[in-house]
Amino acid sequence: MYLTPKSGLFLGGSCITAIAAVGSVFELSYGQPNFGFQTTAIILVISVPVTILLFVAAVKDARANIK
C-alpha cells in the first residue's frame with residue numbers, strides 16, 4: 001500500500017477543497033449565494049488551485065514511498 005499519513009492528509013484536504021469548489025459553483029449558479037457573491041467567488045478562486053496542488057502533492061508523496 002502506498003498511502004502514507006502525509007499523502008492521506010493531502011488527499012483528504014484535496015477532497016475538502018474540491019467539495020468547497022463544487023458548492024461554490026452551485027451557490028453562484030443559483031444566483032443568491034449565502035455568503036454573498038464576492039465571498040463565494042473568492043472561495044471558488046482559492047479552492048480550485050489548492051485542490052490541484054494538494055492532489056499533486058499526495059500523488060508525489062505516494063510515488064516517493066513506493067517500495
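Reader: How do α1 and α2 pack, and at what angle?
Author: In this predicted model, helix α1, residues 5-30, packs against helix α2, residues 37-64, at an angle of about 155 degrees, and their axes are 7 Å apart. Angles over 145 degrees count as roughly antiparallel, and α1 and α2 are therefore roughly antiparallel to each other.

Reader: And which hand is the crossing of α1 and α2?
Author: The crossing in which α1 passes α2 is left-handed.

Reader: What kinds of residues make up that contact of α1 with α2?
Author: The residues of the contact divide into 18 nonpolar, eight polar and three charged.

Reader: Switching to charges, how many salt bridges does the structure hold?
Author: There is one salt bridge in the structure, and lysine 6 forms it with aspartate 61, with the closest N and O atoms 3.8 Å apart. Because lysine 6 lies in helix α1 and aspartate 61 in helix α2, the pair ties together parts that are 55 residues apart in sequence.

Reader: Now the surface: which residues form the nonpolar patch there?
Author: The patch is formed by Leu3, Leu11, Val48, Ile52, Phe55 and Val56, which together have about 510 Å² of accessible area.

Reader: Where does the largest share of that patch come from?
Author: Helix α2 gives the largest share, four residues, while leucine 11, also one of the patch residues, is found in helix α1.

Methods:
Residues are numbered from 1 along each chain as its sequence is written. This is a predicted model: local features need pLDDT of at least 70, side-chain atom pairs count only at pLDDT 80 or more; totals for chains, interfaces and linings use all residues. Side-chain values use heavy atoms; hydrogens and water are left out. Axes are lines fitted to C-alpha atoms, for helices over the stretch in contact, and angles run from 0 to 180 degrees between N-to-C directions. Helices (H or I, at least four residues) and strands (E, at least two) are DSSP runs, numbered from the N terminus. Angles under 35 degrees count as roughly parallel, over 145 as roughly antiparallel, 65 to 115 as roughly perpendicular and the rest as oblique. A crossing is left-handed if the near helix is turned anticlockwise from the far one by less than a right angle, and right-handed if clockwise. Ala, Val, Leu, Ile, Met, Phe, Trp, Tyr, Cys and Pro count as nonpolar, Asp, Glu, Lys and Arg as charged, and the others, Gly among them, as polar. Patches are made of residues with over 30% relative accessible area and no salt bridge: like charges are joined within 9 Å, nonpolar side chains (Val, Leu, Ile, Met, Phe, Trp, Tyr) within 5 Å. Accessible areas come from the Shrake-Rupley method with a 1.4 Å probe; for residues, only the protein chains shown count as cover. A salt bridge is a side-chain nitrogen of Lys or Arg within 4 Å of a carboxyl oxygen of Asp or Glu.
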